[in-house]
Number of protein chains: 2
Amino acid sequence: MDNFTYLRQVEKWGLQEVICKGHSTGNPFVDFKIKGIFKSKNQTVEVDGFYDGNGIYKVRFMPSFEEEYTFEITGNFSNEQYSGSFTVLPSVEDNHGPVRTANTYHFAYEDGTPYYPVGTTCYVWALQPQEVQEETLNTLRDTAFNKIRFCIFPKHYDYNFKEPISYPYVGTPCDSSNITKENFSKYYSSFEGNDWDYTRFNPEHFRHLEECIQKLCELSIEADLILMHPYDRWGFSSMSAENDELYLRYVVARFAAYRNVWWSLANEYDLMPQKSIQDWERFAEIVCQCDPYSHLRSIHNCIPFYNYSQPWITHCCIQRQDLYKSAELVAEWREQYKKPIVLDEIAYEGNIQHGWGNISGKELVRRFWEATCRGGYAGHGETFMNTNDVIWWSHGGKLHGESAERLKFLYSVLKETPGVGLKPLASSWDEVVATTQSPISPMSIENNYYIYYYSFMRPSFRDFYFDDKSKFVAEVIDTWEMTIEEKGTFSGKFRIDLPGKEYMAIRIRKIKET
Amino acid sequence: MDNFTYLRQVEKWGLQEVICKGHSTGNPFVDFKIKGIFKSKNQTVEVDGFYDGNGIYKVRFMPSFEEEYTFEITGNFSNEQYSGSFTVLPSVEDNHGPVRTANTYHFAYEDGTPYYPVGTTCYVWALQPQEVQEETLNTLRDTAFNKIRFCIFPKHYDYNFKEPISYPYVGTPCDSSNITKENFSKYYSSFEGNDWDYTRFNPEHFRHLEECIQKLCELSIEADLILMHPYDRWGFSSMSAENDELYLRYVVARFAAYRNVWWSLANEYDLMPQKSIQDWERFAEIVCQCDPYSHLRSIHNCIPFYNYSQPWITHCCIQRQDLYKSAELVAEWREQYKKPIVLDEIAYEGNIQHGWGNISGKELVRRFWEATCRGGYAGHGETFMNTNDVIWWSHGGKLHGESAERLKFLYSVLKETPGVGLKPLASSWDEVVATTQSPISPMSIENNYYIYYYSFMRPSFRDFYFDDKSKFVAEVIDTWEMTIEEKGTFSGKFRIDLPGKEYMAIRIRKIKET
């Protein structure tokens with residue numbers, strides 16, 4: 001290659017990558033810096049680059065405007081300085097830009113297209129053997145999942161003792177040959193036998209994760225990246241403050257220009273006693289500082305919630321704290337935090353021994369509808385016992401449950417929401433009613449759209465009363481059988497018959513006056 | 001008849017009835033008094049009698065000792081005084097005496113036999129046509145229900161507009177021919193068209209209720225009598241303080257000697273704004289004063305709990321306040337009230353429009369097991385749509401659901417509890433574990449008996465560890481399929497496999513050392 005390459009044309013919200021040769025002496029990860037300044041009529045962005053091994057440095061940039069850009073690359077990585085210019089073309093097809101919060105409790109892509117998250121979790125799918133990764137991507141292709149939570153660091157946890165395909169650092173891992181379901185938790189406290197240089201990244205590991213992020217992007221799936229987690233036998237969860245910062249800066253420099261990236265500071269932050277709230281706040285500050293695109297940011301709890309009121313947190317990423325009530329609390333959390341509520345863990349469909357991983361598909365789908373009709377969002381995961389210990393929640397692979405198909409149906413209903421997002425309507429006690437969230441458009445669309453959800457209750461009919469002359473179309477939605485039956489046009493006081501079974505909803509839409 | 005009759009021999013906890021002729025001029029219900037004093041070696045009891053119409057007065061008494069009794073009947077009901085003596089014989093067969101609280105959170109009959117309430121609700125079964133009443137009793141005969149909640153006053157509510165077979169007072173009811181599902185609630189506020197003399201009871205009404213109480217007693221079913229309720233088109237819920245007292249004294253005088261009577265001051269007391277807390281406390285005082293046998297006493301809520309700490313309340317009679325969590329709160333309520341927790345309404349199996357009356361049999365049975373394993377008790381009811389509007393919860397009749405059979409199975413498990421009652425064990429978060437309640441016997445039986453209940457979770461196995469050398473028998477209980485499978489003998493650390501389906505439990509019993 002030349003000493004210096006870059007793209008002459010980039011799609012809006014696409015990825016510009018400036019590749020430069022530079023010094024490879026010493027430890028380039030700490031000894032040398034590289035940064036870029038990208039300028040156009042509407043934008044000036046300064047970004048850090050990173051060392052990618054073999055004397056190669058990269059600076060990445062995601063442009064937000066369809067116009068001409070120029071750039072300059074500076075730093076002590078090389079004795080030379082580089083500059084250039086390129087054209088940003090209109091975005092094509094499914095490229096709507098990064099996801100932003102919208103209408104307080106919801107999300108939209110940067111071009112204004114509503115984004116209704118239907119997430120799933122495959123913690124270390126990207127660190128599995130190639131064939132499992134491909135299977136995961138093939139599975140995702142047939143689902144509605146448009147967000148996936150996964151880790152940068154490998155994972156050490158029940159059902160997940162194998163070595164990952166690569167490590168984030170140069171070094172050697174501890175011997176894992178004697179780990180069993182019985183003794184695995186002992187490895188949490190001792191990181192003996194590991195030998196890592198936390199100042200030397202393994203670029204191969206990160207290049208691979210980037211490929212995964214890119215493949216997800218092609219499937220219109222947001223990559224909800226988990227930056228830190230407690231399921232660790234290697235010591236990555238217990239690095240020094242300096243090495244934590246080095247890691248975060250490296251990760252953000254590498255990944256931030258991918259439009260589908262979200263930052264999840266931690267999974268179960270409260271299971272990492274080695275990190276204080278001050279640490280998490282410092283990590284948040286680093287991410288905010290280094291990410292010029294302000295990707296979505298949150299942090300995930302085991303039991304106590306993080307203080308989701310912190311201004312750096314764009315949305316609540318909640319694990320349910322109660323075995324019985326989870327999605328039912330969305331309305332309260334909306335009031336409390338005034339941010340989008342994403343229930344990123346409300347127990348998984350499966351049959352493993354743990355209570356968080358053995359609910360039925362029916363119960364998981366019910367929780368999704370409960371969350372949805374309160375103006376929130378839920379997350380999927382699957383934990384079925386498997387002789388090969390290839391379990392969706394951790395490894396990806398194939399889905400075995402009943403929920404994914406129903407979540408696709410829910411997503412199709414969600415996409416019919418007028419405006420941006422649903423909100424819960426204060427209503428009678430034995431149903432949850434969604435209506436449209438106060439619109440961003442100045443034309444009110446409220447009182448035009450209602451979803452009445454009956455959960456595990458089984459009414460044979462429900463009575464309605466609308467105190468005006470408007471006409472409404474009523475539909476009966478079977479959220480489990482995935483059918484929508486139109487019942488006719490109604491006004492004033494009317495009754496809708498139901499089959500007296502669980503998981504039914506009634507959707508009522510005002511007919512526009514002509 | 002003679003002027004004066006009574007039984008020469010009465011079973012212990014049986015019913016002695018002294019019948020006397022007396023004045024029938026004026027209004028005997030208020031103008032004349034009758035009382036009896038019953039004496040034996042161990043007991044002296046003074047009880048009020050009552051006017052039963054046609055110049056007949058009755059004094060009833062339930063003896064508690066197997067010995068000779070004498071009695072004197074006094075009062076201005078007659079110019080004569082009566083006295084006599086009788087022998088109390090041992091109780092026979094299923095007569096274990098009245099139910100008392102036992103071991104703080106539980107119940108036992110007076111002879112010490114544990115009583116595990118498995119209640120049901122048929123509010124006005126006793127006021128239905130004869131054939132429906134017989135059907136109800138036949139249905140009950142085949143169930144495990146050993147407590148039934150029902151009303152003394154007739155009921156006016158959705159699905160229940162027909163005239164009762166009798167009224168508690170002399171007079172005429174309002175015209176009910178125009179009542180519909182749409183207008184019935186209007187009748188609550190106006191009692192127009194009714195013409196009752198609240199000082200003249202209709203003895204036939206009460207004699208019939210006594211027959212019902214007696215028939216229940218023969219089936220070993222406790223009669224949980226609801227003294228007042230808000231579902232009223234006749235005005236019985238809005239009488240004067242004086243007439244309320246007259247009513248309560250009459251009811252207690254008539255019914256208290258039946259050993260299977262419980263007093264429920266009200267159903268949904270909080271839906272009766274015409275009565276204040278002071279009123280309910282006064283009613284409780286009257287019942288306490290007039291009932292010499294101290295039958296169990298409670299009061300039932302719609303939303304706000306009554307203050308169950310009041311000393312006159314023997315047990316909590318709770319309607320669940322949350323759509324999602326009900327039986328799961330039993331452990332907290334035990335701590336708070338230190339009394340037996342009876343969930344007398346946790347939604348009914350059925351398919352009517354109301355959320356309190358349309359859960360599945362599976363959900364209702366789940367709630368029973370959740371309550372049971374936390375050391376409480378739940379109540380059944382059934383509300384299936386029916387072309388004749390004969391619905392178990394209100395009228396009795398036949399059962400159509402799936403829960404009653406499973407509650408019989410639960411009852412068979414409950415009856416195997418060592419000692420008196422279960423208590424929740426603080427345990428891991430994703431199961432509820434019942435063990436035996438600190439025993440009344442001085443020999444400890446704790447740590448010998450455990451029921452692990454998995455609710456809607458579906459573990460494929462669970463690991464156990466008992467830190468001693470004891471041997472345990474483990475059984476897998478399928479609470480829905482009603483099977484108990486013995487898995488063998490275990491000690492120390494062991495694993496029990498489960499089928500990975502909902503509603504499973506594991507029972508572990510220590511093998512007695514020989």
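Student: What makes the two copies meet through the same surface?

Tutor: In this predicted model, 100% of the interface residues of chain A are also interface residues in chain B, so the copies meet through the same surface.

Student: How do you know how chain A and chain B are related?

Tutor: Chain A can be laid on chain B by a turn of 180° with a shift of 0.0 Å along the axis, and the RMSD is 0.0 Å. The two copies are thus related as by a two-fold rotation axis.

Student: Why is the aromatic pair of B:Phe38 and B:Phe61 called stacked?

Tutor: A search of the whole structure finds 129 aromatic pairs over all chains, among them B:Phe38 with B:Phe61. Their centres are 4.3 Å apart, and the cut-off for a pair is 6.5 Å. The angle between the planes is 10°; planes under 30 degrees apart count as stacked, so the term applies.

Student: What makes this a link between distant parts of the chain?

Tutor: B:Phe38 lies in strand β4 (residues 35-39) of chain B and B:Phe61 in strand β7 (residues 56-61) of chain B, 23 residues apart. Both B:Phe38 and B:Phe61 are buried.

Student: Why is the charged end of A:Arg406 said to sit over the ring of A:Trp480?

Tutor: The charged end is 3.8 Å from the centre of that ring. The criterion asks for a distance within 6 Å and a position within 35 degrees of the ring normal. The charged end of B:Arg406 likewise sits over the ring of B:Trp480, 3.8 Å from its centre.

Terms used. Residues numbered from 1 in each chain as written. Chains lettered and ligands numbered in written order. Predicted model: local features only at pLDDT ≥ 70, side-chain atom pairs only at ≥ 80, totals over all residues. Heavy atoms only, no water. Least-squares fit on C-alpha atoms with pLDDT ≥ 70 in both. Contact = heavy atoms within 4.5 Å. Phe/Tyr/Trp six-rings, centres within 6.5 Å; stacked < 30°, edge-to-face > 60°. Helix = DSSP H or I, 4+ residues; strand = E, 2+ residues; numbered from the N terminus. Buried < 20%, exposed > 50% of the residue type's maximum accessible area, 1.4 Å probe, protein only.
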